[in-house]
Amino acid sequence: METTVARKRLEEMRDDLDRSISILQGERPASVAGAGYPQDSADAGSTLSETDRTEAILHSARGQRDEVLAALARIDENTYGRCVDCGGDIPEGRLDARPDAARCVSCQAKRARRR
Ligand SMILES: [Zn+2]
């Protein structure tokens, strides 16, 4: 994939994530209460699990944003498309599906097994 195309896709991913993160942060009960949103008392019991769910989504969105930013940095450093572990080429099809992929398929599989 052309790095100009990859950069454009990554920047769009980053912008989408930024939007999602700011929306999710706006949904947190702490800031909602501060903003004086109407709080339905029937929902009070589910507030905590709802918060946990939002936090979990926020956490993964931030993690993905880091991956996207790291991929953009690799474009600047001219190492984009190379596996960060073994230095081998990441297959075109993989980058097409995951423009923020940092590792080739076998290194990613090794890493996943270590967890
Ligand atoms: Zn590799």
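# Exercises on a zinc site and its helices

Along the chain, the donors of the zinc ion follow the spacing C-x2-C-x17-C-x2-C, where donors are N, O and S atoms within 2.8 Å of the metal (3.2 Å for Na, K and Ca), and sites may look incomplete since water is not among the atoms. The model is predicted, with local features needing pLDDT of at least 70 and side-chain atom pairs counting only at pLDDT 80 or more, while totals for chains, interfaces and linings use all residues. Residues are numbered from 1 along each chain as its sequence is written, and side-chain values use heavy atoms, leaving out hydrogens and water.

**Exercise 1.** Identify the residues that coordinate the zinc ion, and name the geometry of its site.

*Solution.* 
1. The zinc ion is coordinated at 2.3 Å by the SG atoms of Cys 83, Cys 86, Cys 104 and Cys 107.
2. The angles among the four donor atoms run from 104 to 116 degrees.
3. Four donors count as tetrahedral if all angles lie between 85 and 135 degrees; the site is tetrahedral.
4. Cys 104 and Cys 107 are both buried (under 20% relative accessible area; exposed is over 50%, partly exposed in between; 1.4 Å probe, protein chains only).

**Exercise 2.** Describe the surroundings of Arg 65.

*Solution.* 
1. Arg 65 lies in helix 3 (residues 47-76) and counts as partly exposed because its relative accessibility is 24%.
2. Leaving aside neighbours within four places in sequence, Arg 65 is in contact (heavy atoms within 4.5 Å) with Arg 14, Leu 17, Asp 18 and Ile 21.
3. Arg 65 and Leu 17 are 48 residues apart along the chain, yet their C-alpha atoms are separated by 6.3 Å.

**Exercise 3.** Determine whether Asp 100 is buried or exposed, and list its contacts.

*Solution.* 
1. Asp 100 is found in the loop between helix 4 (92-97) and helix 5 (105-114).
2. With a relative accessible area of 0%, Asp 100 is buried.
3. Leaving aside neighbours within four places in sequence, Asp 100 is in contact with Leu 10, Met 13, Gln 64, Glu 67, Val 68, Ala 71 and Arg 74.

Notes. Four donors count as tetrahedral if all angles lie between 85 and 135 degrees; four count as square planar and six as octahedral if opposite donors are over 155 degrees apart and all others between 65 and 115; anything else is irregular. Helices (H or I, at least four residues) and strands (E, at least two) are DSSP runs, numbered from the N terminus.
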